[in-house]
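Dear colleague,

Please find below the structure that I am handing over to you. My notes on what was found in it follow.

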Amino acid sequence: MMDATIAKQKVIDSGLILDAEDLGDLTRGHMSIRVPGDPTHFFMKPHSVGFDEITLDNMVLCDLDGEKVGGAGRKHSEVYIHSEIYKYRPDVNSVIHTHPRHAVALSASGQSLQPISQPAVAFSDGLPYFRETIDLIRSQAMGAGVAKALGMHKAVLMRNHGVAVVGASLEESTILTIMLENACQIQLAAMAGGGIGEQFDAQNIERLHFNITRPEQYVVNFEYLKRKAYRALGRIRTNHEGN
């Protein structure tokens, strides 16, 4: 079992990865991970910082009522997306909420995500909608609504707002967040380019879904994007020191 420091470092790494993928939306996105060995608490990105500014010290520790019980940072007002999903889904160990441009655009169209690309096939077992509000999720009741809409799926489109993506690991939720945005971008491009053509049959889709949603796939790609993000961070620091 990983220890708490490793779990918190994964939050930092996820933040750097999602920032590099331009999925931060200023300071508004947030991610969390359950505390190893303690499913009633989770570490979460603090309020008022970007995905690239998360540290071991400013991270917050919250309980399943959405209350901050530790950490130096300020608690996000939308903490209830996380706490309520964790209550509803004991299989989930990580939650990410952000506002990817193409995912928001697709949600505004009311269209369902179609399995027309490899990233989209990851969600071929269902991508539901949360339609209750465009507003911030600032209460337990609203968070419970998101969790109910999510059901047992990997992600939920929050109409005109953003996405909530979950995983058995932070590696899984991070990679799925990126894949979901890529899938929405491809679908919108196909729709704008003349419409969606003939699709592959269910057997093809099921086989690909199995192949691209293995836990090792999430880990391999998370580790690659982490290396890439740290290389870019190193170049920025080197250039800054050179000036």
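**Findings**

At 27% relative accessibility, Asp25 counts as partly exposed, because that term covers values between buried (under 20% relative accessible area) and exposed (over 50%), with a 1.4 Å probe and protein chains only. Please note that this is a predicted model, in which local features need pLDDT of at least 70 and side-chain atom pairs count only at pLDDT 80 or more, while totals for chains, interfaces and linings use all residues. Residues are numbered from 1 along each chain as its sequence is written, and side-chain values use heavy atoms, with hydrogens and water left out.

Asp25 lies in the loop between α1 (4-20) and β1 (30-35); helices (H or I, at least four residues) and strands (E, at least two) are DSSP runs, numbered from the N terminus. Its phi is near 50 degrees, a positive value in a residue other than glycine. Most residues other than glycine have a negative phi. Ser48, likewise not a glycine, has a positive phi of about 75 degrees. Ser48 is placed in the loop between β2 (38-44) and β3 (60-63) and, at 42% relative accessibility, counts as partly exposed.

Two helix pairs deserve a description. Axes are lines fitted to C-alpha atoms, for helices over the stretch in contact, and angles run from 0 to 180 degrees between N-to-C directions.

The axes of α1 and α6 come within 10 Å and cross at roughly 10 degrees. α1 is therefore roughly parallel to α6, as angles under 35 degrees count as roughly parallel, over 145 as roughly antiparallel, 65 to 115 as roughly perpendicular and the rest as oblique. In this contact (heavy atoms within 4.5 Å), Lys10, Val11, Ser14, Ile17 and Leu18 of α1 meet Leu170, Glu171, Thr174, Thr177 and Ile178 of α6.

For α3 (residues 101-109) and α6 (residues 170-192), the axes come within 7 Å and cross at roughly 55 degrees. These two helices, α3 and α6, are therefore oblique to each other. On the α3 side, the contact is made by Arg101, His102, Ala103, Ala105 and Leu106, and on the α6 side by Glu181, Cys184, Gln185, Gln187 and Leu188.

Finally, the cysteines. Cys184 is buried, with a relative accessible area of 0%, and Cys62 is buried as well, also at 0%. With a disulfide taken as a pair of cysteine sulfur atoms within 2.5 Å, the count comes to zero disulfides.

Yours sincerely
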